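Subject: Handover of a structure and its findings

Dear colleague,

Please find below the structure that I am handing over to you.

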Amino acid sequence: MDARQKNEIIHFQRVMMSLIDIRYTKDLINETTQSDINENIQRSFHESVIISYSRPFSGNDSVDLRTGFLKHFTPSQKDMHNRVIKTLRNQVVAHSDSKAYGVNFSITEIDGIKWVWPLMTKIPHLLDKSDLKLINENCQIIESWLFEEQTRIKNFLPCGSY
């Protein structure tokens, strides 16, 4: 097996895992938009949407999903894709960025003991219905592209177990 075939096998595995993540994202969007749920549960759905959507692009197995699908995005879809991954995932959901949360604190002294009082000035808003609609559109485009990639690679590789 040559190096190109080995690279295609790794990419094929990434494609298959990404299909699962993108389908899960679509299911979550469907649940959160059709349900009358309280704000905390809705936020957890939104966090799950952000995580599952971002997973194919987070360098798992030291390999990011190839980005051939980006050429099919409109500018607003591309902006949403970048916002989900670079801002919402990296600064709000996966990591607590103090700028995103607006965390300040105050130190006071009472009877010779210093006390710290955290002051959270904002809890970041995650997604609204128009954001979810764009993410769902992105998922449909990515899913179509993933099926095309799956077919291309399947036809390139010889029969066998990998």
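E149 and R152 both belong to helix α5 and stand three residues apart, about one turn of the helix. Helices here are DSSP runs of H or I with at least four residues, strands are runs of E with at least two, and both are numbered from the N terminus. This is a predicted model, in which local features need pLDDT of at least 70 and side-chain atom pairs count only at pLDDT 80 or more, while totals for chains, interfaces and linings use all residues. Residues are numbered from 1 along each chain as its sequence is written, and side-chain values use heavy atoms, with hydrogens and water left out.

Salt bridges

E149 and R152 form a salt bridge, with their closest N and O atoms 3.1 Å apart. The term denotes a side-chain nitrogen of Lys or Arg within 4 Å of a carboxyl oxygen of Asp or Glu. E149 is buried at 10% relative accessibility, whereas R152 is partly exposed at 32%.

The search of the whole structure finds eight salt bridges. Another of them joins E143 to K26, with the closest N and O atoms 2.6 Å apart. Because E143 lies in helix α5 (residues 129-156) and K26 in helix α1 (residues 3-34), this pair ties together parts that are 117 residues apart in sequence. E143 is buried, with a relative accessible area of 12%, while K26 is partly exposed at 22%.

The side chains of D131 and R83 also meet in a salt bridge, at 3.2 Å from N to O. This pair links distant parts of the chain, since D131 is in helix α5 and R83 is in helix α3 (residues 75-93), 48 residues apart. D131 is buried, with a relative accessible area of 9%; R83 is partly exposed at 26%.

Helix α2 covers residues 39-54, and its 16 residues should span 22 Å at 1.5 Å a residue. The expected span is 1.5 Å times one less than the number of residues. The end C-alpha atoms are 22 Å apart, which agrees. The buried residues of α2 include F45, H46, V49, I50, S52, Y53 and S54.

Which residues does T25 touch, not counting those up to four places away in sequence? They are V49, S52, Y53, I135 and C139, where contact means heavy atoms within 4.5 Å. T25 itself is found in helix α1 and is buried, with a relative accessible area of 0%.

A nonpolar surface patch

I110, I113, W115, W117 and L119 make a nonpolar surface patch of about 500 Å². Patches are made of residues with over 30% relative accessible area and no salt bridge; like charges are joined within 9 Å, and nonpolar side chains (Val, Leu, Ile, Met, Phe, Trp, Tyr) within 5 Å. Accessible areas come from the Shrake-Rupley method with a 1.4 Å probe, and for residues only the protein chains shown count as cover. Strand β2 (residues 113-120) gives the largest share of the patch, four residues. W117 lies in this strand and is partly exposed at 41% relative accessibility.

Yours sincerely

Definitions and conventions
Buried < 20%, exposed > 50% of the residue type's maximum accessible area, 1.4 Å probe, protein only.
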